[in-house]
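Here's a quick briefing on ring contacts and the overall build. Have a look at the model first, then read on.

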Amino acid sequence: MLTKEIDETASNVELVQKRIKVALAGNPNSGKTSIFNALTGMRQHVGNWAGVTVEKKEGYAHYGGYTIEVVDLPGTYSLTAFSMEELVARDFIIKERPDVIINVIDSTNLERNLYLTTQLIELGCKAVVALNMTDEAEHKGIHIDKKKLAELLGMPVVNTIGTIGKGIQDLLKEAVAIKEVKEPLSRHIHINYGAEVEEEIKKIQAELKKDPVIPKMFYTRWLAVKLLEHDKNVAEEIYGRAQAKDDIEKQVASSHAHIEKILDDESEIILADARYGFIKGLLQEAYSHRSFDRITFSDKIDKVLTNRLLGIPILIGLLWVMFQTTFKLGGYPTDWIESLVGHVSNFASSAIPDGMLNDLVVNGIISGIGGVVVFLPNILILFFFISLFEDTGYMARAAFIMDRVMHTLGLHGKSFIPMIMGFGCNTSAIMGARTLENKTDRILTILINPLVSCSARLPVYVLLAGTFFGRNAGTVIFSIYITGIILAILVGQLFRKTIFKGEAAPFVMELPPYRIPRVQSILIHMWEKASIFLRKVGGIILIASILIWFMTAFPKPKSDSQIALSHDEHILNSYAGRAGKFIEPVLEPLGFGWKGGIALLTGIAAKEIVVSTFGVLYQAGENVNEENDTLRNALKKDMTPMAALSFMLFTLIYIPCVGTLGVMYRELGSLKWTLFGVGYSLILAWLVSFIAYQGGLILGFV
Amino acid sequence: MPLSMLGLRNKGVVVGLRGKFDLKIFLAELGFVSGKEVEIMQYTSGNNLIVGLGGCRLALDRSLAHLIEIIPQKEL
């Protein structure tokens, strides 16, 4: 959308007044993010499963001289605050008080989506309803009387199709119009909870109104309803502020007792029933559909994909195809990039005069970055598959199919989604763990996630397995991945039995209809991951390469030394060498020496740097005009295949990278658990590598 | 009878919820309220189930399906 030029002469005061804050609220998978993208021109990832957006996101739209701040909230079924996403959404709506809420509704699933709307009505929010995916609803033969619905809800209703940007201008128009109206709502609707409940609501309201502050801050009917619902957060807030705390508390208790005695059910359930009753009445007047097939196309696909017997084998088959394609197909462009890097390296070494600068550029920067950048194709293909799983709607099924298996392992079906995403990158996977409602399930899922081998560790495996295991490299890499998963399961089970006792929470998840993914959406997702990767290469990996080169090049040997030091002796004498030597005793039983130690230390910054470090450590001082295989040859001289295997296992398990640690700390909200994650991974890495290496030696491998 | 005992492709009407408090509200808010029609669409591995509820599909684990009390449609 084009930005309307703000009048140059407008004063600052006017500018401030012309800002509106709009929040997008709606059920999971109702298309909030596609509306958000259409409003703001941003390109947030849209998937087809509940829980793609786990954090609120902000952007700006412009309409009729207004600057509209748009906040995309995570999807929620209600404002009861069960899961973290619901809490984020609710806190934002209640505490930040956006001027207008755009309630995005999946038109094909009106009834359930309107539940949240009833809660927004109760809150007395200024809201616009966006009836999204109207094309799909039409296709299904659903007819919604927009005018009638608007009248019954007391809010304007706009038809939208988020993916193609239809109805976006109308939405902005209504949002601005609603903001400008001085009174709270043109028509304020009350949901009728039935005579008995209504009477109690009035009594509680009366008590609340006696308080000097409360009625000015909140809408008392909403408070009364929430107190009847035993809402802990609201109760704390009110009882913390109210002067007439005791009177209110007494009234709420007596109302509870009265309702539950007369209607013979918990008041929450009665209220939820009444809201659905309100919706039912509303649908009778404003909704109709042509009789459609009871069995949809998605049901037919599910017959096969979620089949009791076939479901799991099909899932494993699809994952196998994903990995095979990633490695096999990715191999071709990788070769081209490798030879390109070789040419650049040759050119640089001949163009720059011999000396320090030559050494820095060729052996520091080019071998450091070149070693990593060749993996771009693999990473792109891997993310292509992950997007495909997300966008078609298969991800939700995968979680569900695995639920029973995961349960017997002490995990939750939804833990499976972060595990799959972990193959791409652990940081986004750990954020994805927010969809788990239960706190212990979430901590457990986060703690074991780094054991799922991310794409950053792939370069290490490809280099070492390719060097030492030749034709069996693919199998070795696949086994490393499997080892990671098995370890994740074992560790999860161990933690569940010792630290996090108890059962995983039960599983409920909405299964969205299957959709054909949009090419554009997948390409955007891949491009974003590629640009993150390339920025990492140009940023932290570049800096790390230079630092590593510096640490291996200095201190310079004394010029008066009689005998010229060999390359190894020189590095051994350098800062890096000293650090490596320092930790060598710990690593010796694992089969690799101080060079491996240095690589592991630097790999904490980002796991790809392990490869960069090898590049610098082994290539420096060699004849650069040799084939590109210098690094591989140098590695062969220094390591045995068993040591390489042990090193790969250590890389798989030990401390996640700094980026992942940061996200872990933020998501766990606890330094203790983050450090615990680091600690257990170090111990586990050492033990597994030790057993693999020493066991291999005993069995006669070298 | 509990929803988990309803046969494949059969329909029933929700009459009540049992079990722990939090779970009950959670289910009620998802739409399992008295009078709603549910249909068993699929039994998956481990006897988990996919149910049709007001036009959408929900994946439900068996322990939750035990908590949803229904009357089979045939008996109505």
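**Rings and charges**

Arg397(A) sits over the face of Tyr514(A), 4.0 Å from the ring centre; for a charge to count as over a ring, NZ of Lys or CZ of Arg must be within 6 Å of the ring centre and within 35 degrees of the ring normal. Bear in mind that this is a predicted model, where local features need pLDDT of at least 70, side-chain atom pairs count only at pLDDT 80 or more, and totals for chains, interfaces and linings use all residues. Residues are numbered from 1 along each chain as its sequence is written, chains are lettered from A, and side-chain values use heavy atoms, leaving out hydrogens and water.

**Aromatic pairs**

- Across all chains, the search turns up 17 aromatic pairs (Phe, Tyr or Trp rings, the six-membered one for Trp, with centres within 6.5 Å; planes under 30 degrees apart are stacked, over 60 edge-to-face, the rest tilted).
- Phe495(A) and Phe676(A) make a tilted pair, at 5.2 Å centre to centre and 50° between the planes.
- That pair joins helix H23 to helix H32, with the partners 181 residues apart (helices are DSSP runs of H or I, at least four residues, numbered from the N terminus).
- Phe592(A) and Phe647(A) pair edge-to-face, at 5.0 Å and 80°.
- One aromatic cluster takes in Phe592(A), Phe614(A), Tyr618(A), Phe647(A), Phe650(A) and Tyr654(A).

**Overall build**

- The C-alpha trace of chain A spans about 100 × 65 × 55 Å along its principal axes.
- Of the 702 residues in chain A, 55% are buried (under 20% relative accessible area, 1.4 Å probe, protein chains only).

Key: Buried < 20%, exposed > 50% of the residue type's maximum accessible area, 1.4 Å probe, protein only. Helix = DSSP H or I, 4+ residues; strand = E, 2+ residues; numbered from the N terminus.
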